[in-house]
Amino acid sequence: MTMGKRKVVVTDYTFPALAQEEAATVASGAEFAAFQCRTAEEVAEAVRGADVAVVQFAPLTARAIEGLAEGAAIIRYGIGFDNLDITAANARGVPAGYVPDYCIDEVADHTVALILAQLRKIVPLDASIRTGEWAAVAVAKPLAAYRDTTVGFLGFGQIARAVADRLRPSCFRFLAADPMLDAPSANALGVELVDPELLVERADVLSLHAPGTPQTTKFINAGRLARMKPNAFIVNTARGVLVDEAALAEALTAGRIAGAALDVFEVEPLPADSPLRKAPNLILTPHAAWYSSAAIEALQRLVADDIRAHLAGRPLRRPVPGSKH
């Protein structure tokens, strides 16, 4: 790279191309580089001296932030930001932005698809035909009607509300646990507000929509799994850290809950030796809930706008919560 020229680095990405980001960079007089980093060490090396570091899933640690150029910024492709060390960014004076408003419909649609597939036993019914069976009741029982099913939401933000809106015409009952919600607001939204422990015990479907924080890490653990209904399902399209994966695999194998569907994991890609790979009654998707052609275009366009803004000395569009700059 030319000495002294500003630099934009994309640490990792799952998109077919980065044309919008590169065009915004070049038009701003900077140079562009893209990598497929997986480890913190690879990220720290890639972003050394960068004026803008754009991150998707790779970890951006304090060491990486220390190596950024003076006046640099961080941009996260996506809604969450638990792979960014915001404390280190604040200490260094590095602004951090993200894109919390680009795939609400897609994640809600994917969540609903997983919920309905599990409730209607679509996967085992399909598998039974392929092995020569033709026994709907024997394979699917027990199978509750939607009107007799309670969906519980851990976190009731934009995506969870969109899920409830999609399910409401089918007469599901709804519970929610969310520290940012009060009972009158919950009632107005058509859900019953309960504490997290009661949510676990009463839900037939427990849909996870909380951020990954020290308080929510491994919220689904062996103790809570033991208190769930034996016919209950867990669906997680939020953050992998919300679930103790070994405990979930053990509960599924032992038949203590009816099933689960996961789109996010503690380590991604899911390790080859993960116990989840052999657990029964489990639907796995590869962090795909955010995806649609329209969502990719919007995400990359908004990130390109932020690249352009920072290089022009303007603030990032949506600062990460807790980011002080």
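Which residue stands opposite L262 in β12? That would be L284. This is a predicted model, where local features need pLDDT of at least 70 and side-chain atom pairs count only at pLDDT 80 or more, while totals for chains, interfaces and linings use all residues. Residues are numbered from 1 along each chain as its sequence is written, and side-chain values use heavy atoms, with hydrogens and water left out.

**The sheet**
- Seven strands with parallel pairing make an open sheet, in the order β8-β7-β6-β9-β10-β11-β12; strands are DSSP runs of E, at least two residues, and helices are runs of H or I, at least four, numbered from the N terminus.
- β8 (192–193) and β12 (282–284) sit at the edges with a single partner strand each, so one side of each has no neighbour in the sheet.
- β11 (residues 259–262) runs parallel to β12, joined by 3 bridges; two strands pair if DSSP finds at least two bridges between them.

**Helix α1 (residues 19–27)**
- E21, A24 and T25 are its buried residues (buried is under 20% relative accessible area, exposed over 50%, partly exposed in between; 1.4 Å probe, protein chains only).
- Those buried residues fall within an arc of 100° seen down the axis, so they line one face of α1; the arc is taken from the directions from helix axis to C-beta atoms.
- A19, V26 and A27 are exposed on the other side.
- Just after α1, G29 takes a positive phi of about 80°.

**L199**
- L199 lies in helix α10 (residues 196–202) and counts as buried, at 0% relative accessibility.
- Beyond its neighbours within four places in sequence, L199 has contacts (heavy atoms within 4.5 Å) including F153, L175 and V194.
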